[in-house]
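The sequence and structure come before them.

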Amino acid sequence: MIIYYYLVDMRAAMNQQNPIITLRDLKKSYDGTTNVLMGINLDIAPGQIIGYIGPNGAGKTTTVKIMIGMIPEFSGEVRVFGLNISDHAQDVKKRIGYVPETAALYETLTPNEFLRFLGQIHEIPGPEIQKRAADMLRLFGLKENADARMTSFSKGMKQKVLIIASMIHDPDILFMDEPLSGLDANMMVVVKEILSRLAAKGKTIFYCSHVMDVVERVCDRIVIIDKGAIIADGTFDELQGMNKGESLERIFTQLTGSSGQDRLAEEFISAFERGRKP
Amino acid sequence: MTDFILKILDGFRRLFEILKVDYPKFRALLWIKLTIDNRQEKSVAQRKSNKEVSNSMIWVMFIYAFMGLFAGLLLVQIPSLFTALVIIQAMIMVMTAVALISDFSSVLLDTTDNAIIQFRPIDGRTLAVARIVHITVYMLMITLSLSLGTLVVGTVKYGPVFTLTFPVSLIFSVLFIVFLSNIFYLLLIKISGEERFRDIILYFQIFMAAVALGSYQLLPRLMGASLLKGFSIEIRWWAYLVPPAWVAAPVDAAVRGVISKEALFLTLMGIGLPVLFVVVVVKYLAPGFNKALLELEKTGPAREKKTLGRSLPIFFSRIATSRPVERAAFQFVWLISNRDRKFKLKTYPTFGYMLIIAVVLTLRGKGGLAQTLQNLPNTKLYLVFLYVGCMLIPMTLFQMRLSDQFQAAWIYRSLPIARPGDLFRGGVKAMVVKFGGSIFFLLSIPTLFIWGPPVIDDVGLAFINMIFTSYALSLIVKNELPFAKPYGVAREAQKGIAGFLLLILPGFLGLVHFGLTFIPYGVLIAVPVIAVLIWPVSKIIDSTRWDMIAPV
């Protein structure tokens, strides 16, 4: 119990000290009438891995896109590195990395060409980016494919390229939307380990996912949103203390589901019967 | 139209069932295939529409019918029926075969349906028959629309015997095409890997699109030419080697009511050989086809050069750009435009077409070719040569915005790019150097050769005008980043009167240039004037802000 309070205190202290990301009453509407985000308030301390989870359409991707300056229209205040994103989007973008949810790439390019393009934009000298790209691609098992067009790549290979692309400029914050999708089990372990080590070095990682057990194990702090609002926030232990579930999945469904998962499954199965002629 | 075709097929249901085809499944498969096919854009009918492609086949048939109309008029132009028919049948065969290769390859080569369908309970025979029927339907539609003109003209000129015999001869033509294209595919698969294979198909598509574009220009001209009048082919030994002659001979014989020994022999070949060939294809070649296709997928990916070191995009980007983002965008756009097949398919035909137009315009003298050439230095036709590059600029800039992988454009917004205009400038410069510049260079050599030193200032002005055009046109499309919009659903950049005026800018500048040639030193003075005008336009591009760019 004492340790628990100590942890909460420490986290609060860190947050108050100098949060690296601050969201104040963040609201977003695409059509002007319905709000996708209903007013998010969040302080994130440096060196943490934040798990940001929520059901489909809860507003996860929108939040991330706003924080990294990809969606400039919103209401409320967003500060990253203490900079207001509305005024300093370019300065922020220099120091962050992003893995989008869809593995969309210009596939006619090769990984080397794509990474070189990124290097040019980030103004990293040519030889340096080439060396770094070659190293990272080799370590991710893409040495043989470094100069092949990505048209022929599998989902996992593209995902590896995206992960490398998000880190190649050594950013201070990583925003990752479902970064492990398509990766095999070994690769997942590697990426998770990389994330932990980056966090230990003081980098901040904002991790969006649907895969609960990964979030449960990797993240220092878990934020659950539903219908555009935060409904739970804390370490995994804290969330467990609040609710009586054992796993994050259980907690998640308790918090976000209409508690009807069992009935839904039952009804799905009985659809066979209903469709069949008597 | 899909429903209509399926209704017709329903009439043959018994026949399919005799072939042990599971008809309801066959019908379902065919519906899917025809529907998907109908939603694909065809290389011959590239429309600039706002909507999704939904009835592309109707368009394709319309265009082929137009071409076929001119083919039909050959029957009027050429007195010998046999000669005319050989030419028409040759055209139908070539066009259908090329259409099959260019537009149907995607369907034929699509092995994804293996993954979706193969584990479902559909037997191999039903699958195979569905595939064959699908191809046949497609070919029949093309052949029919191509031959419609001939059928009408022939009926008027030669009476009902023609009406009855010509369609029969078409059936055998189609069988030939099936055979030819099968051989073609098998050869290709044997000799090349997947990427190479798809590239070769692409060149067929480009050829087809160029033919479609050029036919509006060239066919009417050809019809007017005296070349074809009185042109006649007799049945000689070589007729036995030319498939169109085999199918033309029986129709000719039937219409004239005279059956010669040669014609009879040709007829037998025309009926017998296609049937034999198709048996060979079905029995011996087709089984290996699917296997070969699957192996094609397994072949390793093509390697690109590791470093671009001294390659063209690096070289030109150093000359044409100064800012880092601009340079990166230049290389990026250059590489993608080199490789994106859809981009090539949309731009290269126009490229070829413009060259054809330039040559046609300069050489269409009254007298013979030699006289026209001799007279050329006294004309101002060099302006045609010099402005072809400029004319190409609008098309390439519009195409540069589009890509099937438009979703990958998230990357621009996630990067620290202060001036999105730089991305745009780099891309535009790549397009100008690659397309406008190359063709300009290519055509300015013969220009200087034919017209000599007096036109050096004209070459200079045309060049400056090309640059100016590209910058000015950028004003319409500057709010759209390279390859960030999907094809088809993309709204075309018709932004009112200003947009229209900018589109006709190349032609307008060419006219002004023409006028200036009558004023002493007019061209020479215009060069710095236009050069100075580029500056404010460039400033406007620089002032583009992120919030002005259409969101992804």
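Q: What is the phi of A:D25, a residue that is not a glycine?
A: Most residues other than glycine have a negative phi. A:D25 belongs to strand β1 (residues 21–29) of chain A and is not a glycine, yet its phi is positive, at about 50°.

Q: Which residue of β7(A) is the bridge partner of A:V99?
A: A:V99 is in strand β6 (residues 96–99) of chain A, where A:G97 and A:V99 are buried on one side and A:I96 and A:Y98 on the other. β6(A) pairs with strand β7 (residues 173–177) of chain A in the parallel sense, over 4 bridges. Within β7(A), the bridge partner of A:V99 is A:M176.

Q: Over which residues of chain B does pLDDT stay under 50?
A: Chain B has a mean pLDDT of 79, with 79% of its residues at 70 or more. Among its helices, α13 (residues 324–339) has a mean of 92 and α6 (residues 112–117) a mean of 62. Where pLDDT is low, the predicted coordinates should not be read in detail. The model has 4 contacts beyond four places in sequence for the stretch where pLDDT stays under 50, residues 47–51 of chain B.

Conventions. Residues are numbered from 1 along each chain as its sequence is written. Chains are lettered from A and ligands numbered from 1 in the order in which they are written. This is a predicted model: local features need pLDDT of at least 70, side-chain atom pairs count only at pLDDT 80 or more; totals for chains, interfaces and linings use all residues. A residue is buried if 20 or more other C-beta atoms lie within 10 Å of its own, exposed if 12 or fewer, and partly exposed in between; C-beta atoms are placed from the backbone. Helices (H or I, at least four residues) and strands (E, at least two) are DSSP runs, numbered from the N terminus. Two strands pair if DSSP finds at least two bridges between them. pLDDT is the predictor's confidence in each residue, from 0 to 100. Two residues are in contact if their C-beta atoms, placed from the backbone, lie within 7 Å.
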